[in-house]
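Below is a report on the fold of one protein chain, written for reading beside its sequence and coordinates.

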Amino acid sequence: MTSPIEWVVKKISEGHELELLDRPAADVIVVRAAGDRYDAVSVGVIGVKKEITVGHVQSFFASGSHPAFIVNIPSATPWRGDAIQLIHASDAAFGSLGDLVRAVRLELPGSYREREAAFFYTAICDHTNVSGITMTYDKVFRVERYRGEPLTIAMVNAYNVSAEDIRNARALYGDFDIAVKVNGYGSVTTAAQQAAATFGAQALTFGEMMSRLHQ
């Protein structure tokens, strides 16, 4: 069976967007974006299938030298909040191989944030009734409010959000109060709303979620 780092190295060799410069450790590679004007970036590689926790990443940051990016194979594995907090506190970023491709082209690759999560995080932070926000997973926010109880919001990326999308999100992240549709097109189906209601949640569009934060 191919190891996660061997899989990443193979994909880099097959593509034209990254150059592999070095493999200084069993779980670390050094890459840069194709083209001489980009700097080298140290990347930690892990292969967690169920849930990525702080225990899976803390060894990378135990010394003075640490990666600017952590990539996990497979890409669909959820990242838990404690892992995210350590990575961001260490001026690093995380995500899929595609995220790495985008990060290495930044002046500070460790400042990279996945576009959709960054948009929702900023929008919620700027809401007038929000006093604080914490990422409990890479797609889930715990939102504290000035008025009203805290809300847990899970991002669901689907064109037409279905009952299955809601059930899959709950299976990944546990209970939440709101499933918010990420895609700006399509709809939230009645079946999705009904599925969310079975455990006391709501399935909402972005605009509906922002209004819900006031209530």
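## The β7-β8 hairpin

Strands β7 and β8 form a hairpin with 5 residues between them. In the turn, Gly-148 has a positive phi of about 105°. Helices (H or I, at least four residues) and strands (E, at least two) are DSSP runs, numbered from the N terminus. The model is a predicted one: local features need pLDDT of at least 70, side-chain atom pairs count only at pLDDT 80 or more, and totals for chains, interfaces and linings use all residues. Residues are numbered from 1 along each chain as its sequence is written, and side-chain values use heavy atoms, with hydrogens and water left out.

Two strands count as paired if DSSP finds at least two bridges between them. Arg-142 has Thr-152 of β8 as its bridge partner, and Val-143 stands opposite Leu-151 in β8.

β8 is mostly covered, with 6 of its 6 residues buried; buried means under 20% relative accessible area, exposed over 50%, and partly exposed in between (1.4 Å probe, protein chains only). Leu-151, Ile-153 and Met-155 point one way from β8, while Thr-152, Ala-154 and Val-156 point the other way. In a regular strand the side chains alternate between the two faces of the sheet.

## Strand β4 and its partners

β4 pairs in the parallel sense with strand β3 (residues 41-46) over 4 bridges and with β5 over 3 bridges. Val-45 stands opposite Val-71 in β4, and Phe-69 has Ala-93 of β5 as its bridge partner. Phe-69 and Val-71 point one way from β4, Ile-70 and Asn-72 the other way, and all are buried.

β4, α3 and β5 make a right-handed β-α-β unit. A crossover is right-handed if, with the strands pointing away from the viewer, the path from the first strand over the helix to the second runs clockwise.

## Aromatic pairs

The structure holds 8 aromatic pairs. Rings of Phe, Tyr and Trp (its six-membered ring) pair if their centres lie within 6.5 Å; planes under 30 degrees apart count as stacked, over 60 as edge-to-face and the rest as tilted. Phe-69 and Tyr-112 form a tilted pair, 6.4 Å centre to centre with 50° between the planes. This pair links distant parts of the chain, 43 residues apart: Phe-69 lies in strand β4 (residues 69-72) and Tyr-112 in the loop between α4 (97-103) and α5 (115-125). Phe-69 counts as buried because its relative accessibility is 0%, and Tyr-112 counts as buried at 9%.

Trp-79 and Phe-94 form another tilted pair, at 4.7 Å centre to centre and 40° between the planes. Trp-79 is in the loop between β4 and α3 (81-89), and Phe-94, 15 residues apart from it, is in strand β5 (residues 93-95). Trp-79 counts as buried at 3% relative accessibility, as does Phe-94 at 13%. Elsewhere, ring pairs link Phe-119, Phe-120 and Phe-206 into a cluster.

## Charges over rings

Arg-170 lies over the face of Phe-199, 4.2 Å from the ring centre. The charged end of Lys-181 sits over the ring of Tyr-159, 5.8 Å from its centre. The criterion is that NZ of Lys or CZ of Arg is within 6 Å of the ring centre and within 35 degrees of the ring normal.

## Overall dimensions

The protein has 8 helices and 12 strands. Buried residues make up 45% of its 215 residues. Along the principal axes, the C-alpha trace spans about 50 × 35 × 30 Å.
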